[in-house]
Amino acid sequence: MKRPLYLAGGGAVTPAGLNARQTIAAIRASLSAFEEITLAEPFGMPQIVARIPTHRHLRRNEGEWLVNMAARAINEALGTDGPGVAAATALLITTPESFRNHPGFVDIPARDFLAAVVDATGLRFHHASRVIDGGAAASVGLIERALALMEEQGVAQVLLGGVDSLVNHTDLGRLSRTGRLQGADNAQGLVPGEAAVFVRLLREPGREPVVAAIHGIGMAQETDSILSERYSQGRAMLGALRDAVSGSGPSEPDIDFVVSNGNGERYHGWEMLIARPRFYRTHRTLMATAYPAMTVGDTGAASGALALMLAADSLVQDYAPGSIAMCEVASENGLRAAAVVARVNRR
């Protein structure tokens, strides 16, 4: 990155809370938003999921539900800045990866999704706003695009995030058929979740005495994704981690803790067992690691922004075990991303 970008809060709706503050508090308290439902396929099978409690009129179909989640989180992230600031704000939204054939895009085609979200917010946003495929890691990869928008196209700020739900018949069915769901016969499976999370990015820090800044990012594509027949050797994640510290910002010895979107699957555990010792070479008595999925489940495309939000909040509110975090984010399709987030004290 040519220069740091600053994280100035955000918005969220997750199974653990209907706003960012509730969500972060639940994760800090190690609460669980899991519940048991009965699957239609295979019929009658119980399954643990993390689902947002909501009125049925907000969830009339999967497409409308994605739009409603995104609009709520965006409005919270924008805060009280008003319509004038919204017009100078660009939205960068990651959605469920296209290979998943998410049922939400049957109700609202992907090409119409951005317009539907903007309509639901009741505001007008900058014409540079985009929806991007690629899942959780793609949102981290968009940080440099956010910087370019602010430097070259007159964008005042960027709301960066994602929206997703794995609690639908299509995703539950494919995950069940491949033995990836957590259950009585699979302790190393994922818990499907759903969420919309957005962080607000600024070129310059605000007036607060303590802020969080993104100093570097890395991206790489893993060829042995969880969709392949081979376990990952961690090459892409290792490359992303190294790229994230390759600039003039913090380096590997400076990293104090990790925020990961790991979902508990055996595949992820194997990948990080190989990748982490090859990157974190400095001796540490303990590498503290936060896993938001332990509270909200696997939130898919929303989990990248959630990792950034949790890292930033822990630094600004001073409950982090250090002043520099590494966010490790993986997409189901093999995309890997890493971001260095640091505490900045201002006079």
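A residue is termed buried when its relative accessible area is under 20%. In this predicted model, Tyr267 has a relative accessibility of 10% and therefore counts as buried.

Tyr267 is one of the buried residues of helix H10, among which are also His268, Glu271, Met272, Ala275, Arg276 and Phe279. An α-helix has 3.6 residues a turn, so residues three or four places apart point the same way. The elements covering the buried residues of H10 include helix H9 (235-244) and the strands S9 (257-260), S10 (288-290), S11 (324-330) and S12 (335-345). Helix H10 itself comprises 14 residues, 266-279; at 1.5 Å a residue it should span 20 Å, and the 20 Å between its end C-alpha atoms agrees with this.

Aromatic contacts may be considered next. The whole structure contains four aromatic pairs. In one of them, Tyr231 and Tyr267 are stacked, with 6.4 Å from centre to centre and 20° between the planes. This pair joins distant parts of the chain, since Tyr231 belongs to the loop between strand S8 (210-221) and H9, whereas Tyr267 lies in helix H10, 36 residues apart. Tyr231 is partly exposed, at a relative accessible area of 37%.

Phe279 and Tyr280 form another pair: their ring centres are 4.7 Å apart and their planes stand at 80°, so the arrangement is edge-to-face. Phe279 is buried, with a relative accessible area of 6%, and Tyr280 also counts as buried, at 12%.

Charged groups also sit over rings. The charged end of Arg28 is placed over the ring of Tyr319, 3.6 Å from its centre, and Arg59 lies over the face of Trp65, 4.2 Å from the ring centre.

Note on methods. Residues are numbered from 1 along each chain as its sequence is written. This is a predicted model: local features need pLDDT of at least 70, side-chain atom pairs count only at pLDDT 80 or more; totals for chains, interfaces and linings use all residues. Side-chain values use heavy atoms; hydrogens and water are left out. Helices (H or I, at least four residues) and strands (E, at least two) are DSSP runs, numbered from the N terminus. The expected span of a helix is 1.5 Å times one less than its number of residues. Buried means under 20% relative accessible area, exposed over 50%, partly exposed in between (1.4 Å probe, protein chains only). Contact means heavy atoms within 4.5 Å. Rings of Phe, Tyr and Trp (its six-membered ring) pair if their centres lie within 6.5 Å; planes under 30 degrees apart count as stacked, over 60 as edge-to-face and the rest as tilted. A charge sits over a ring if NZ of Lys or CZ of Arg is within 6 Å of the ring centre and within 35 degrees of the ring normal.
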